[in-house]
Every structure is written in structure tokens, then in C-alpha cells.
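The sequence and structure are shown first.

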Amino acid sequence: MASIENPVAELPPPSASDLAHGEVLYSIRDLTVDYATRAGTVGAVDRVSLDIRKGEIIGLVGESGCGKSTLGKALMRMITPPGHISGGELLFAGEDLMLASDRRMRQLRGARIGMVFQDPMTSLNPLARIIDHLTETIQTHESTVSDAAARDRAEQLVARLGIRIERIDDYPHQFSGGMRQRIMIALALALRADFVIADEPTTALDVIVEAQFLDLLLELRDEFDLTILLITHNIGAVAEISDRVAVMYAGKLVELGPANAVFGETKHPYSQGLLQSVPNIDVDDVDLYQMAGSPPSLVHPPPGCRFHPRCPAAMDICRTEEPAFLKVAPEQATACWLYSKGRYDE
Amino acid sequence: MSEQERNTPLVEVGGLTKWFPVQKGFIASLLSHGQIDNVRAVDDVNFTIQRGEVLGLAGESGSGKSTVGRLVLGLLEPTKGSVKIDGIDLNGLGREELRRMRKRMQVIFQDPLASLNPRMTIGEAISHPAQIHLPDLSSSERMDLVLETLEAVGMSPARFFYDKYPHQISGGQRQRIVIARALITRPELIVADEPIAMADVSVQSLLLELMVSLKEKFDLTYLFITHDLATTKYICDRIAIMYLGEIVEIGPLNEVFKNPQHPYTRALLAAVPVPDPRHRRKEPLPRGEIPNPINPPSGCRFHPRCPIAVEGICDVDQPRLKSAEDVEGHLASCHLRTGAHKDLDPTRTGQH
């Protein structure tokens with residue numbers, strides 16, 4: 001690929017640039033998100049703690065309703081009623097977002113935290129050309145940038161993301177799904193966001209376009225030291241590009257660790273069942289694991305470990321007491337009573 | 001079953017072609033002098049499915065795979081070519097004959113919520129096709145048949161689910177209901193169009209397992225349409241890969257997966273995400289995206305994206321499906337890998 005000047009490097013450095021690669025960019029502590037419904041309070045995210053590190057791609061997996069998308073929204077403080085963040089701490093680059101004003105949050109969204117969703121058409125204005133999206137985004141946040149400079153920056157970005165510059169004057173509907181996702185990334189990068197939350201970004205894409213998009217995410221991470229939270233049910237996609245993997249079940253974080261460890265030495269019985277249920281084109285066996293039961297209601301979650309009614313290894317204690325989220329290896333942690341004895345200590 | 005019946009493929013598709021005319025504005029149609037553009041959704045597709053076999057039909061959006069499914073079911077009329085079910089050409093059938101034929105072939109679509117009437121109970125939804133196709137059954141016989149079928153798809157106890165509405169059960173259970181409704185007329189052929197695409201992975205594996213066991217239990221034949229190559233491995237005997245309306249490769253599943261011949265098949269297989277972080281992609285990805293089927297590229301339709309295309313051949317001559325690697329029934333349409341241009345060394349002539 002022709003070398004194109006890094007459009008982000010030319011910009012004034014973002015305030016988080018003093019964070020070195022690998023330092024904690026976003027620290028989440030005991031995050032709890034509830035939804036008030038007629039049936040009762042749904043604990044969509046229940047006391048989740050997670051440190052997201054500068055420059056990493058962290059894959060967040062789990063099945064429908066496990067709370068992964070809610071967690072992603074909570075990180076941008078975009079939970080709307082009937083939902084609300086009912087507890088926990090959100091520290092982004094040292095700033096307490098629970099205390100941030102709405103105005104400050106608007107500034108951060110886009111400028112520091114970018115978003116890519118499954119359906120880009122719902123995020124793009126069908127009546128605005130791509131160039132208008134980009135220049136408006138840039139000039140809204142940076143009022144001193146001239147029209148020409150904004151256009152210049154937009155063109156460089158678009159070219160970097162593999163979209164032909166001529167197409168910058170086209171409208172969203174004239175682009176394919178894969179190209180629209182690239183435009184979403186361009187919008188995130190137009191304002192030097194250093195953290196991108198991508199919620200099911202490839203779910204609507206065909207497999208080759210998906211692979212191209214995942215490759216692009218990897219390149220951008222390497223080029224800009226971007227931090228990416230990849231939220232998806234597509235476990236193959238997570239395996240392809242994630243440094244670390246987090247697994248959620250019924251609102252709880254049940255396992256976290258380096259991708260190789262979570263896939264290679266899976267600890268939590270739910271993660272094990274989930275990963276073994278994934279069809280793998282690369283292996284010869286033709287039996288898929290069959291996980292019993294279905295996820296519980298979050299209005300009345302089971303006592304103890306929320307997975308115990310489906311767990312093949314459930315013990316008495318699992319039915320009554322909730323397991324803590326503990327380290328089981330230098331970089332790997334899980335919430336499961338199986339590992340409570342002989343647990344890893346530093 | 002006579003000898004002939006056993007040898008006649010259940011599905012025989014020959015030269016199947018479906019073009020959809022493109023709607024144009026009034027001025028544009030004046031300017032083009034009445035010339036009509038067509039979306040060439042399906043172009044000269046040929047395959048057979050034997051009784052008891054599962055043929056996978058895979059490809060990206062816009063490849064024409066779902067259109068083939070609808071043509072096989074007689075839900076669309078082909079522009080050219082024919083579909084024969086058990087030797088009977090659907091084209092020649094009158095309304096009444098086609099209706100009787102439909103009893104023998106059923107369909108399962110992707111979205112069970114869209115396939116089920118929210119105001120019908122599960123029992124009503126499943127017995128509905130039986131009322132149409134099995135009018136001789138008394139209502140108690142029909143009810144027994146519904147309950148038996150519910151049990152067969154794992155909705156047990158069947159009585160408990162009979163009076164429930166679609167919104168009262170989970171997505172995976174809804175898809176089981178759609179499968180039960182397809183089975184109620186005891187069809188021979190089921191066209192399953194992305195039957196598990198909406199489900200979560202753990203539910204996907206249960207549904208795949210169910211489809212495999214039902215196939216044995218009810219002597220079914222499947223046309224399994226999917227964009228997800230990884231799942232085909234668990235159910236299909238043979239697979240056909242479609243690109244821009246054409247089958248570019250077809251053969252026994254293991255053969256095609258282990259020894260893919262067409263560069264598009266190779267790319268598609270290589271792009272499938274593998275749930276193993278140590279895995280590295282074996283083939284480079286093709287450039288760009290699937291082109292517009294209104295004016296498909298000349299010659300081989302894949303040539304503009306193909307890593308090994310040779311100028312003067314691939315952009316000029318349209319390749320035909322030819323036998324590949326001397327494996328029976330493994331065909332691919334690539335000049336460089338089969339047929340006349342085999343002497344060309346694809347690595348030397350590859351252009352990037």
C-alpha cells in the first residue's frame with residue numbers, strides 16, 4: 001500500500017498521548033447497569049470490573065442478552081432510560097466519567113472515544129455526503145479548522161481507509177456495507193479518538209469483506225496505537241485480532257485473559273461450552289458441543305453462580321454463593337468456584 | 001421403491017437462469033430506447049441432489065443462492081432452464097399440480113419471528129399446512145400429528161407448547177417450530193435458507209444437530225443455503241459455491257474444503273474466521289467487493305478480483321465447470337486450474 005501521511009499524527013497531540021502502550025486507558029470498577037421493566041429490574045451488567053489498556057484490542061464476547069452491548073454503551077455513558085448506571089466507577093485516562101457533565105461527555109464522544117455499530121446506515125445521515133459528515137465532525141469539535149483544512153484532513157483519512165477520494169462526495173446509500181463501516185472508522189479517527197468501541201461491526205458483512213475490515217482494524221491499531229473494544233458474538237473474529245478476550249454471561253464478566261490463554265486454556269465452564277460450540281472450518285472433527293439449557297432471566301437471576309443451572313461441573317457451593325472474579329494465571333482471571341482452591345497468587 | 005425411482009435424483013436443476021428487470025425512471029427508459037437492464041441473479045446453474053443427500057449452497061450476499069432456493073421451490077419462475085423434482089418439471093405443472101407438489105417440498109427461512117404469525121398459537125401455526133395439504137385428516141388426527149411433530153423437534157412436552165404464542169418462547173425454540181411446520185406434511189425435500197443464521201452459537205449447534213437427526217428420522221433431503229461455510233461442514237455431503245449468479249465450484253464437501261480449485265473458493269475458505277488465535281490466514285484476500293450483477297465482468301466473473309487471472313484469457317473467455325483433480329463430481333470453472341489453460345503456471349503469470 002502506498003505510504004500516505006498519517007493524518008492523525010499531524011494533529012495536536014491528544015491529552016492521553018502521555019499514556020504509554022499497555023498502560024491502563026480505561027478503568028472500569030464494579031460497573032452496574034439496570035433496566036427498569038414492568039417485570040422488574042433487569043440487571044443487564046452486574047458489578048463488572050475491567051482495565052482496558054492503551055493500544056490493545058480487547059474482544060468482548062457472549063450471547064444475546066449477556067450485557068455486552070450495554071457495557072459498551074455504558075462506557076460512553078450512553079445508557080438511556082429505562083436503563084441507568086446504578087453503580088461503579090468509570091475512569092477514562094484518569095478522568096472520572098461518572099462526574100463528567102453532559103457537555104463534557106459530548107466532547108469526549110468522537111474526540112476521544114469513537115463508535116462503530118453493526119448498522120452504519122443508522123449512524124449516517126442519508127442526506128449528507130461523506131465529506132459533509134467528516135468536515136462537520138471535525139469543525140464541530142475544532143472550530144478553528146478552516147473548510148479547506150478540514151476537507152484536506154478528510155481526504156487523507158478516507159484514502160488511508162481504502163476508499164477512493166473521488167467517492168468522498170457520494171452519499172451513504174451509494175456505498176456498500178463494508179465501505180460504510182470504513183466511513184464510520186474515518187469519523188472516529190477524524191477527531192483523533194484513541195479509543196474505539198466497535199459493537200458487532202462485521203455482523204452485517206460478508207466473510208471476505210469482514211476479513212478485510214478486521215485486517216484494517218489491526219493496521220490502524222498498529223499505526224495509531226488505537227485501543228479497540230470489539231464487542232461481538234462472532235468468536236472467530238475475536239480470535240483473529242484480539243490481544244485479550246473477555247467473556248460475559250448473564251450480566252457478569254466470567255473470564256478475562258490473553259486470547260491465547262482464553263482459547264487455549266479456557267477456565268470457566270461457560271467459556272468452554274461457548275468456545276466449543278463454535279463451528280471451526282479448520283479442524284476435522286464434525287461434532288459440535290451441545291450446551292444444555294438457555295440463559296436465565298435477569299429479573300430473577302439464579303442465586304450463587306448464574307451459570308450453575310447449566311453447568312456440567314456445578315457443586316453445592318455454586319448454588320448458593322457467588323464466586324469472586326479471581327486470578328487463576330498471571331494474566332487470566334475467572335469467576336468460578338472450581339478455581340477457588342489452589343488459586344493463583346502473585 | 002422401483003429401481004428407476006431410486007436412480008432419479010430428487011432435485012435436478014438444468015440451465016437454471018433468473019434475470020430480474022431493473023426498474024428505471026421514465027426519462028431514463030426513454031433515453032435507453034426501451035432497452036431493459038437485467039440483474040442476472042442466477043445464470044445457467046446446474047446441479048442434482050440425490051435422495052437423502054444434503055447439498056450446501058454457499059456464497060456471499062448477491063451471489064444468487066437464495067434465488068436458486070426459491071426457483072427450486074417453484075416460488076419464482078425461471079427465465080430459462082428447468083427444475084425437476086423427482087423427474088417432474090415444475091414448469092409444466094398447473095396450479096393444482098404445483099400445490100400438490102408443494103406438499104413434498106418445504107422451506108425454512110432465517111427469521112423465525114417473521115415466519116410465524118404472532119396471533120396464531122404454535123399448534124395452529126403447525127397444523128395450518130396440514131389443513132391445506134392433508135385435508136382428509138380429522139381434527140383429532142391432525143392434532144396428534146402436530147403433537148408428534150412437536151416432540152420430534154424437541155419441543156417437549158408438546159401439549160405445553162401447543163397453546164403458546166411465538167413471543168412466549170425463545171428464538172431457538174421458534175426456529176424449532178418453523179422446522180416442525182415444515183415437517184408436518186412429511187416432505188421429501190427441505191430448502192433451508194440460512195436456517196441458523198439468527199441464532200446464538202450455542203443454539204446454532206443445537207439446531208444443526210436437530211436438522212441432522214431429523215434428516216435420518218424423516219428420510220429428508222436438504223438444500224442448505226448459507227453464507228457461513230464453517231457450519232456446512234457439520235451437515236452437508238456436497239457443496240456448491242456461488243459467485244455472481246454462477247456456480248464456480250461444486251463437489252463432495254471434504255474434497256472442496258481440502259482441495260479447493262477455484263481461486264474464489266480458496267479466498268472464501270481462507271477468509272472464514274477461525275476460533276483459534278494461533279491460526280494464520282493461508283491465502284491473501286481478494287481485492288474489493290462483489291461487483292454489480294447488472295453488468296457482470298466479461299469472461300470469468302471473478303477475474304477483476306482474482307490473484308491469478310491472466311489477461312487475454314480470464315477477461316475474455318467464460319470458463320465452464322469442468323472436472324477438477326480427477327475426483328468424481330468435483331467440478332470448478334477456472335481456466336487456469338481446469339481445462340485448456342492448465343499448462344499455464346498460475347504463480348508465474350499471476351498479476352497483482
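## Strand pairing and aromatic contacts

In this predicted model, strand 1 of chain B (residues 11-21) pairs with strand 2 of chain B in the antiparallel sense, over eight bridges. Within this part of chain B, B:Val11 has B:Ile49 in strand 2 as its bridge partner. The two strands belong to an open sheet of four strands in chain B, ordered 2-1-4-5, with antiparallel pairing. Its edges are strand 2 (38-49) and strand 5 (88-89) of chain B, each of which pairs on one side only.

The loop between helix 1 (3-7) and strand 1 of chain B contains B:Thr8. Is B:Thr8 buried or exposed? B:Thr8 has a relative accessible area of 16%; because the cut-off for buried is under 20%, B:Thr8 is classed as buried. Leaving aside neighbours within four places in sequence, the residues in contact with B:Thr8 are B:Gln50, B:Arg51, B:Asp86 and B:Gly87.

Aromatic pairs are considered next. A pair of aromatic rings is described by the distance of the centres and the angle of the planes. Over all chains, the structure holds ten aromatic pairs. One of them joins A:Tyr26 and A:Phe92, whose ring centres lie 5.3 Å apart with planes at 65°, so the pair is edge-to-face. This pair links distant parts of the chain, since A:Tyr26 is in strand 1 (residues 24-37) of chain A and A:Phe92 is in strand 4 (residues 83-92) of chain A, 66 residues apart. A:Tyr26 is buried, at a relative accessible area of 0%, and A:Phe92 also counts as buried, at 1%.

In chain B, the rings of B:Tyr243 and B:Tyr264 have centres 4.4 Å apart and planes at 50°, so this pair is tilted. B:Tyr243 lies in strand 9 (residues 238-243) of chain B and B:Tyr264 in helix 13 (residues 263-271) of chain B, so the pair ties together parts that are 21 residues apart in sequence. B:Tyr243 is buried, with a relative accessible area of 1%, and B:Tyr264 counts as buried at 0%.

Which residues form one aromatic cluster with A:Tyr26? A:Phe92 and A:Phe195 form that cluster together with A:Tyr26.

| Charged residue | Ring residue | Distance from ring centre |
|---|---|---|
| B:Lys80 | B:Trp19 | 5.7 Å |
| B:Arg159 | B:Tyr162 | 5.2 Å |

Methods: Residues are numbered from 1 along each chain as its sequence is written. Chains are lettered from A and ligands numbered from 1 in the order in which they are written. This is a predicted model: local features need pLDDT of at least 70, side-chain atom pairs count only at pLDDT 80 or more; totals for chains, interfaces and linings use all residues. Side-chain values use heavy atoms; hydrogens and water are left out. Two strands pair if DSSP finds at least two bridges between them. Buried means under 20% relative accessible area, exposed over 50%, partly exposed in between (1.4 Å probe, protein chains only). Contact means heavy atoms within 4.5 Å. Rings of Phe, Tyr and Trp (its six-membered ring) pair if their centres lie within 6.5 Å; planes under 30 degrees apart count as stacked, over 60 as edge-to-face and the rest as tilted. A charge sits over a ring if NZ of Lys or CZ of Arg is within 6 Å of the ring centre and within 35 degrees of the ring normal.
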